[in-house]
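Subject: Handover of a structure and summary of findings

Dear colleague,

Please find below the sequence and the structure that I am handing over to you. A summary of what was found follows.

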Amino acid sequence: MNLLLLKQLSILGLFAGAVIGLIATIPFLFWICILVAMFWISAFVLIYLKQNDLIGIINVREGSIFGAAIGFVAFIAFSIVFIPISSIIGLIFKSYPLDVLGFFMNDFGSFIVLILLIISTAGLAALFNGFTGLITAYIYELINGVKKEKVNICL
């Protein structure tokens, strides 16, 4: 396993999660952004890297590990960007429906509950994105197998 590649994927996952967190402040795009952050961000990152030839051949095991790392880091970044921005917008506009921090800031215990909720949800995002990364790597293995088979038939 390439640890340098894992660090680079984590940084790319941070960036993607932050962008999705910024987009999620638009109320009608919130649920779409949550679904992307929970399920599909690892597939998007792996496909992007594969299309630009930034990663080589990855097997299913590496795809699931990379997907889990991308999913965990991306959801943490999503939460770190989304919660303060939605709280500031909630302070400015009292009727903003996505004011998360205003709901949890009654006392210090509620803030601890919010942090634990973010970490546990990031663990679920890692699980789901690990599976999505596994499926993405498996599909790329199938595509490469078909290409190799066509080359052998033509020769």
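Among contacts in the protein (heavy atoms within 4.5 Å) between residues at least 6 apart in sequence, 75% join residues at least 24 apart. Please note that this is a predicted model, in which local features need pLDDT of at least 70 and side-chain atom pairs count only at pLDDT 80 or more, while totals for chains, interfaces and linings use all residues. Residues are numbered from 1 along each chain as its sequence is written, and side-chain values use heavy atoms, with hydrogens and water left out.

Overall composition

The protein has five helices and zero strands. Here helices (H or I, at least four residues) and strands (E, at least two) are DSSP runs, numbered from the N terminus. From the N terminus on, the order of elements is α-α-α-α-α. Of the 155 residues, 39% count as buried; buried means under 20% relative accessible area, exposed over 50%, and partly exposed in between, with a 1.4 Å probe and protein chains only.

Packing of the helices

Two packed helices are described by the angle between their axes and the distance between the axes. The axes are lines fitted to C-alpha atoms, for helices over the stretch in contact, and the angles run from 0 to 180 degrees between N-to-C directions. A crossing is left-handed if the near helix is turned anticlockwise from the far one by less than a right angle, and right-handed if clockwise.

Helix α1 (residues 3–23) and α2 have axes that come within 10 Å and cross at roughly 140°. The two helices, α1 and α2, are therefore oblique to each other; angles under 35 degrees count as roughly parallel, over 145 as roughly antiparallel, 65 to 115 as roughly perpendicular and the rest as oblique. The crossing of α1 and α2 is right-handed. On the α1 side, the residues in contact include Leu-9, Leu-12 and Ala-16, and on the α2 side they include Cys-33, Ile-41 and Val-45. The contact of α1 with α2 comprises twelve nonpolar residues, one polar and no charged. In this classification Ala, Val, Leu, Ile, Met, Phe, Trp, Tyr, Cys and Pro count as nonpolar, Asp, Glu, Lys and Arg as charged, and the others, Gly among them, as polar.

Helix α2 (residues 30–51) also packs on helix α3 (residues 60–92), with axes that come within 8 Å and cross at roughly 145°. This crossing of α2 and α3 is right-handed. Phe-30, Ala-37 and Met-38 are among the α2 residues that meet α3, where the partners include Gly-63, Phe-66 and Phe-75. By class, this contact of α2 with α3 has 14 nonpolar, four polar and no charged residues.

Between α1 and α3 the angle is about 35°, with the axes 7 Å apart, and the crossing is again right-handed. The α1 residues that meet α3 include Leu-5, Leu-6 and Gly-13, while those in α3 include Ala-69, Val-73 and Ile-85. The contact of α1 with α3 has 17 nonpolar, four polar and no charged residues.

The nonpolar core

A nonpolar core is a set of buried Ala, Val, Leu, Ile, Met, Phe, Trp, Tyr and Cys residues joined through side-chain atoms within 4.5 Å. The largest one has 31 residues, and those with the most contacts inside it are Leu-9, Ile-20, Ile-41, Val-45, Phe-66, Phe-75 and Phe-78. Two or more residues each come from α1, α2, α3 and α5. Helix α2 gives the largest share, ten residues. Leaving aside neighbours within four places in sequence, Val-45 is in contact with Leu-9, Leu-12, Ala-16 and Ile-70.

Individual residues

Ala-69 lies in helix α3 and touches Leu-6 and Ser-10, not counting residues up to four places away in sequence. From Ala-69 to Ala-125 there are 56 residues in sequence and 9.5 Å in space, C-alpha to C-alpha.

Ser-79 also lies in helix α3 and, at 6% relative accessibility, counts as buried. Beyond its neighbours within four places in sequence, Ser-79 is in contact with Pro-84 and Ile-118.

Asp-53 is placed in the loop between α2 and α3. Its phi is near 55°, a positive value in a residue other than glycine. Most residues other than glycine have a negative phi. Asp-53 counts as exposed, at 65% relative accessibility.

Asn-144 is found in helix α5 (residues 108–154) and counts as partly exposed, at 22% relative accessibility. The C-alpha atoms of Asn-144 and Ile-57, 87 residues apart along the chain, are separated by 9.0 Å.

Yours sincerely
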